[in-house]
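This briefing is meant for someone meeting the structure for the first time. Please look through the sequence and the model below before reading on.

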Amino acid sequence: MSDPRIELYETYKNAIFLYLYRSTLNEHVAEDLTQDTFLKAFQSLSSFRGESSLKTWLFKIARNTYVNFSKKKQNKMEFQSDLINEQRSNQADPYKRSDDQHQIELTLLKLPENYRTYIIPARCQWPLL
């Protein structure tokens, strides 16, 4: 008989990782947050009431984990946004995006991290970070 925690992890790890990757646009951070999500889930598995599916419950934990992370990193994100602006202004890239798209990306970067997770489309190929 296998461990239900392993089955839970194996079943949902990719979906949780993809959600967190789309939210952070950073593979390493998404991996860390995925691990944190499952650690929190395993610690509170006995309190799962079954009012929603396990998948919904895990995504709620992942969302809360992400929001907590982004609150802690808000100052770093603001610095990163400034750095990106500076780097872009110093680039002489003949394949630059349109000015409108560039302005949209910069505006989105200024939003708090927990708002961006709702705005950036799931299949976004946004190469900012």
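In which helix does Leu 58 lie? Leu 58 lies in helix α3, where helices (H or I, at least four residues) and strands (E, at least two) are DSSP runs, numbered from the N terminus. The model is a predicted one, in which local features need pLDDT of at least 70 and side-chain atom pairs count only at pLDDT 80 or more, while totals for chains, interfaces and linings use all residues. Residues are numbered from 1 along each chain as its sequence is written, and side-chain values use heavy atoms, with hydrogens and water left out.

**Confidence**

- The pLDDT, which is the predictor's confidence in each residue on a scale from 0 to 100, averages 77 over the protein chain, and 64% of the residues score at least 70.
- Confidence is highest in helix α2 (residues 27-43), at a mean of 94, and lowest in helix α4 (residues 74-90), at 60.
- Over residues 125-129 the pLDDT is below 50, although this stretch has 16 contacts in the model beyond near neighbours in sequence, a contact meaning heavy atoms within 4.5 Å.
- Where pLDDT is low, the predicted coordinates should not be read in detail.

**Overall make-up**

- The protein chain has six helices and zero strands, so that its elements run α-α-α-α-α-α from the N terminus on.
- Of its 129 residues, 31% count as buried, where buried means under 20% relative accessible area, exposed means over 50%, and partly exposed lies in between (1.4 Å probe, protein chains only).
- Among contacts between residues at least 6 apart in sequence, 59% join residues at least 24 apart.

**Where α1 meets α3**

- Helix α1 (residues 4-24) and helix α3 (residues 54-72) pack at an angle of about 40°, with their axes 10 Å apart; axes are lines fitted to C-alpha atoms, for helices over the stretch in contact, and angles run from 0 to 180 degrees between N-to-C directions.
- The residues that meet include Leu 8, Tyr 12, Ala 15 and Ile 16 in α1, and Leu 54, Leu 58, Phe 59 and Ala 62 in α3.
- By class, this contact of α1 with α3 has 11 nonpolar, two polar and two charged residues, where Ala, Val, Leu, Ile, Met, Phe, Trp, Tyr, Cys and Pro count as nonpolar, Asp, Glu, Lys and Arg as charged, and the others, Gly among them, as polar.

**Residues to look at**

- Leu 58 is buried, with a relative accessible area of 0%, and touches Leu 8, Tyr 12, Ile 16, Thr 37, Phe 38 and Ala 41, not counting residues up to four places away in sequence.
- Leu 58 and Leu 8 are 50 residues apart in sequence, yet 9.6 Å apart in space, C-alpha to C-alpha.
- Ala 15, in helix α1, counts as partly exposed at 28% relative accessibility.
- Leu 25, in the loop between α1 and α2, has a positive phi, near 60°, and counts as buried at 11% relative accessibility.
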